[in-house]
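Have the viewer ready, and try each task before reading its solution.

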Amino acid sequence: MSDRDSWISNLGFVLAAVGGAAGLGNIWRFPWLTAGNGGSAFLIVYLLVVVGIGVPGLLAEFVLGRCGRQTPTAALRSLTGSRWGSWLGAFNVLTTLVILSFYSVVGGWILRYTLVSPVGTYFGQPQQYFGAMSFGLEAVAFHLLFLGIVAAIVFFGISNGIERVSKVMLPGVVIILLGLAVWTATQPGTAAGYAFYLSFDAEYLAANFLSVIGPAAGQALFTLSLGAGVMLTYASYLDDNASLPRDTLVIAVSNTFIGVLAGLVVIPLLFSQGVDPGQGGPGALFVALATAFATLPGGELVATAFFVTVLMAAVTSGISLLETPVATLVDSFGVPRRRATVLVSVLLAATGSGLALTSSVFQFVSGTLADLMLTVGLFAFTVIVGWLLRGDALAEFRAGTARFEWLAKPWLLTVSWVLPVVVLFLLTNTLASLAG
Ligand code: PFF
């Protein structure tokens with residue numbers, strides 16, 4: 001596989017992986033989940049789950065990627081020595097296609113808000129604007145545009161496309177978010193938002209722990225892109241010198257930082273406008289934020305900066321999702337990368353358009369189905385790493401550095417016992433919500 005593309009530098013890999021992880025999940029899903037689940041209580045449980053489950057899970061997926069040095073179908077086949085491995089890999093590829101289909105529709109909404117924010121088109125009637133543009137032919141058009149941007153990057157491959165773009169966009173996301181967080185702190189009426197988000201409410205937590213843990217764990221997996229083979233694919237382009245535990249920590253911490261930072265912008269802003277951020281779920285965030293921007297001084301500028309940030313974050317995640325099916329066609333079927341990119345994009349253009357036209361299917365796919373597929377994928381990964389590979393997994397853990405040796409065995413224990421149990425619990429939760 002000497003002609004296989006690879007990262008130019010380890011930093012490039014880290015930036016691309018953080019870019020893949022930090023996306024709509026951080027800036028759009030995290031604030032409204034936090035707002036709807038008790039603010040600080042959710043934040044604490046979420047942070048605990050990221051450390052206890054997310055970090056070991058991410059490391060497990062990286063181990064599979066670098067151990068297999070292939071895309072999911074081929075890697076899992078050779079690592080498990082069974083045809084089931086190929087099926088699991090194919091399931092991963094399907095997962096990325098399902099997620100990108102709806103992700104690209106939301107990416108299209110963001111693209112549209114980015115373009116009209118400088119003139120504040122939606123400032124007068126945020127609710128009607130969102131209602132009119134979110135599903136229908138315009139939503140299809142903007143989904144296609146967003147997908148086109150993502151495809152244009154993947155077209156150029158790992159080092160020339162994904163790595164280059166991530167090196168610019170990810171720092172851009174962090175810098176603008178930092179600026180917005182500082183600006184938010186200078187706005188009147190934000191104190192209640194900070195208190196809700198950051199003060200530790202032990203009573204709420206004790207009373208609601210069981211209802212908070214499910215969404216917190218689901219968000220931890222979604223935000224770290226676990227269970228879809230996307231992180232596996234990115235790690236397959238790494239060489240032996242990279243230390244997987246070190247990279248995992250840097251990536252998980254950076255991704256969490258971006259989510260928490262987004263919360264520091266969104267939640268106080270909503271409170272400052274008297275908008276109840278817990279009301280009405282994902283679509284409401286667009287409406288509530290638009291309301292906030294409309295009434296703030298310099299709202300057009302702030303709104304534009306905000307949506308540019310979300311757009312860049314969504315693009316770097318979109319490319320990680322597209323890379324997995326494209327690389328699978330390249331690695332396993334010998335299709336040239338450019339042709340593979342076009343083929344997969346045409347398919348996604350169709351599936352995403354379907355979702356952009358039917359909001360009920362969109363709701364199901366972006367909620368239950370995505371969660372279900374990611375948890376099934378992650379469950380299989382933990383079983384392979386924790387029960388099948390074991391010694392080989394530890395060797396991958398140790399490659400590149402001896403600094404994390406004390407964590408090696410506890411990590412494997414966590415992957416073998418804790419992760420499968422927690423992931424099964426999540427799976428049951430999702431299935432129960434489906435039945436109920
Ligand atoms: N982690 C991305 C986000 O937070 O927006 C979403 C995502 C990307 C989930 C890739 C799963 C995945 F495989």
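A residue counts as near a molecule if its C-beta atom, placed from the backbone, lies within 6 Å of it. Keep in mind that this model is predicted.

**Exercise 1.** Find which residues are closest to the ligand, and which helices supply its shell.

*Solution.* Step one: apply the cut-off, and 15 residues surround the ligand, the closest being G23, G25, S225, A228 and V230. Step two: look at the helices; α2 (24–36), α5 (83–116), α10 (202–223) and α14 (299–333) each give at least two residues to this shell. Step three: sort the shell by class, which gives 7 nonpolar, 8 polar and no charged residues.

**Exercise 2.** Work out what span helix α7 (residues 137–154) should have, and what α7 packs against.

*Solution.* Step one: the expected span is 1.5 Å times one less than the number of residues. Step two: for the 18 residues of α7 this should come to 26 Å, and the end C-alpha atoms are 26 Å apart, so the two agree. Step three: pick out the buried residues of α7, among them F142, H143, F146 and V150. The buried residues of α7 pack against α5, α6 (126–134), α8 (157–185), α14 and α15 (337–357).

**Exercise 3.** Describe the overall fold of the chain, then its largest nonpolar core.

*Solution.* Step one: count elements; the chain has 18 helices and 0 strands. Its radius of gyration is 21 Å, close to the 22 Å given by the globule rule for 436 residues, so the chain is as compact as a globular protein of that length. Step two: turn to the largest nonpolar core, which has 146 residues, with V63 and L64 making the most contacts inside it. Step three: beyond its neighbours within four places in sequence, L64 is in contact with A75, L79, L232, F381, I384 and V385.

Key:
Residues numbered from 1 in each chain as written. Predicted model: local features only at pLDDT ≥ 70, side-chain atom pairs only at ≥ 80, totals over all residues. Helix = DSSP H or I, 4+ residues; strand = E, 2+ residues; numbered from the N terminus. Nonpolar A, V, L, I, M, F, W, Y, C, P; charged D, E, K, R; others polar. Buried ≥ 20, exposed ≤ 12 C-beta atoms within 10 Å, placed from the backbone. Contact = placed C-beta atoms within 7 Å. Core = buried A, V, L, I, M, F, W, Y, C linked by C-beta atoms within 7 Å. Rg over C-alpha atoms; globule rule 2.2 N^0.38 Å.
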